[in-house]
Amino acid sequence: MEERSLTFDLVELLKEETGKCINCGFCETVCPTLEPSGYDLWKGARGRVMEAKELVKAVESGSEPLRAGDSFYSCLDCHACFYICPAGVNAGIASHLSREIITTQHIKKNENPTAAMMTSVTMKYNNPLGIMKKCASWSEGMEFDRDSTDLLFTGNMYQLMSYEKGMNSLRGMMGKSLTLRISSMVSKHPSLIKLSPKPKDKELDKKMSSSLKNIVHILNMSGIRLNYLGGNEPYPGTFLYDLGYIEEFKEYAKRVSDIFHKANAKRIITVDPHSYDLLKNVYPLYVENFDFSVTHYLDLIDVPLLFKERNITLHEPCHFSMRSPEYTAEIKILRSTANLVMPERSGKKSRCCGGPDELLFPEISEKVSQERYAELEKTGASQIVTACPICFSNLAKSEKVTDISDFILQSVLL
Ligand code: SF4
Ligand code: SF4
């Protein structure tokens with residue numbers, strides 16, 4: 001019964017969101033996935049709104065939607081469409097609601113097998129690949145303060161990037177149909193993930209580990225003593241929420257909250273925009289007594305930074321520029337250290353790096369990242385700074401691309 005009413009509320013919300021559409025097509029001009037998909041109408045913002053309307057009709061009439069699935073799963077959730085839509089429609093939100101509806105039992109056949117696999121593995125191992133211990137290897141030999149109430153939360157996000165790259169190469173070799181068959185099997189028997197090979201991109205792994213060490217170093221220099229959960233640190237559950245597995249997400253987020261309470265944490269210091277947004281804005285809606293102060297490490301930097309005459313550019317993470325445009329810490333820091341030349345598409349008009357599609361739609365992801373990289377290159381800047389491990393991993397097409405933690409450390413006035 002509860003599931004039916006949940007579906008009903010979601011359908012009402014989706015109806016409200018899509019009902020405002022006047023079919024003008026402006027959103028297609030900014031949607032980053034339309035062109036890279038070969039102008040597949042269903043993989044652009046307007047197509048998603050149209051498909052969402054079809055989904056509403058299908059659920060209301062008790063029939064199966066014809067196509068619903070890839071259209072919603074390929075949405076990057078960047079929200080660029082919202083800022084140009086004259087009717088105030090957000091095709092990103094419509095896609096998110098649609099994914100939530102798809103994961104209900106009524107239309108499970110439209111579920112993406114890779115999404116289902118990531119969900120069941122995360123529910124079993126607190127990590128989408130079942131590798132929590134490996135995700136703590138960057139911190140070997142580092143000292144943390146077990147009595148501190150300031151908890152460093154990496155959410156395994158930096159660490160997972162090198163595995164995602166490695167796994168994508170493996171998937172490319174296996175081909176789509178074998179990948180989907182294996183994903184489907186693992187989603188039913190998540191412990192199989194332990195038997196599957198987990199290649200990683202060693203070069204990227206080195207960079208990601210170095211960025212995490214830099215962050216700890218910067219926070220220590222700012223006078224903050226950190227606790228860290230090491231091999232027991234859970235993934236924040238980003239996939240579960242983003243892919244619409246809300247019932248699983250609720251259970252999972254409560255588990256993460258209990259882990260934080262057990263560690264006696266008061267302040268959670270996040271290091272990436274996805275975990276920051278999720279813990280700060282979404283967890284309190286789903287978890288009772290989520291009474292932690294959630295902050296991003298960029299807000300805590302208290303070290304003198306040196307201004308050097310040079311032109312740099314910034315690729316803003318969508319979770320800051322378009323989903324929380326009031327968050328501008330990274331811009332302020334960079335402006336105090338160099339001449340910041342913003343790319344043509346920036347702020348609320350920014351372009352996603354394509355990262356959220358890397359797992360399910362790698363071809364689209366690669367084309368979006370190439371287009372974004374070209375825009376950043378066009379600024380003529382000597383360094384391209386990113387403030388998100390997913391963006392870094394997707395845009396690292398030359399040595400110019402630098403994680404903001406590396407850049408800050410280069411700018412510390414000793
Ligand atoms: S811009 Fe807005 S109103 Fe126009 S097609 Fe897109 S969603 Fe519909
Ligand atoms: S949220 Fe981004 S990817 Fe999704 S429809 Fe809107 S512009 Fe396109």
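Biologist: Over which residues does pLDDT stay under 50?
Modeller: Over residues 1-6, for which the model has three contacts beyond four places in sequence. Here pLDDT is the predictor's confidence in each residue, from 0 to 100, and contact means heavy atoms within 4.5 Å. The protein chain as a whole averages a pLDDT of 91, with 95% of the residues scoring at least 70. As for conventions, this is a predicted model, where local features need pLDDT of at least 70, side-chain atom pairs count only at pLDDT 80 or more, and totals for chains, interfaces and linings use all residues. Residues are numbered from 1 along each chain as its sequence is written, chains are lettered from A and ligands numbered from 1 in the order in which they are written, and side-chain values use heavy atoms, with hydrogens and water left out.

Biologist: Let us turn to helices. How does the span of α12 compare with what its residues should give?
Modeller: Helices (H or I, at least four residues) and strands (E, at least two) are DSSP runs, numbered from the N terminus. The expected span of a helix is 1.5 Å times one less than its number of residues. Helix α12 covers residues 273-286, and its 14 residues should span 20 Å; the end C-alpha atoms are 19 Å apart, which agrees.

Biologist: Where does α12 bend?
Modeller: At L279, by about 35°. The bend at a residue is the angle between axes fitted to the seven residues ending there and the seven starting there. At the start of α12, a side-chain oxygen of D272 comes to within 2.9 Å of the backbone nitrogen of H274.

Biologist: Is α5 largely enclosed or largely open?
Modeller: Burial is judged by relative accessible area: buried means under 20%, exposed over 50%, partly exposed in between (1.4 Å probe, protein chains only). Eleven of the twelve residues of α5 are buried, so this helix is largely enclosed by the rest of the structure. The buried residues of α5 include H96, R99 and E100. N90 caps the N-terminal end of α5, with a side-chain oxygen 2.9 Å from the backbone nitrogen of G92.

Biologist: Which residues have the most contacts inside the largest nonpolar core?
Modeller: A nonpolar core is a set of buried Ala, Val, Leu, Ile, Met, Phe, Trp, Tyr and Cys residues joined through side-chain atoms within 4.5 Å. The largest one here has 116 residues, and L152, L219, F260, Y283, Y297 and L298 have the most contacts inside it. A second, separate core has eight residues, among them C31, A45, C85 and A91. Y283 is also one of the buried residues of α12.

Biologist: What does the side chain of T402 reach?
Modeller: A polar contact is a pair of N or O atoms within 3.5 Å; within protein, one must be able to donate a hydrogen and the other to accept it, and residues adjacent in sequence count only if both atoms are side-chain atoms. The T402 side chain reaches the backbone oxygen of K400 at 3.1 Å, and a polar contact of 3.2 Å joins it to the side chain of Q383. T402 lies in strand β8 (residues 401-403) and is buried, with a relative accessible area of 6%.

Biologist: What about K15, is it buried or partly exposed?
Modeller: K15 is partly exposed, at a relative accessible area of 36%. This residue lies in helix α1 (residues 2-19), and a polar contact of 2.8 Å joins the side chains of K15 and E60.

Biologist: Which residues does L76 touch, not counting those up to four places away in sequence?
Modeller: They are P32, T33, C352, G354, P356, D357 and V368. L76 is found in the loop between α3 (70-73) and α4 (80-84), and its C-alpha atom is 9.4 Å from that of C318, 242 residues apart along the chain.
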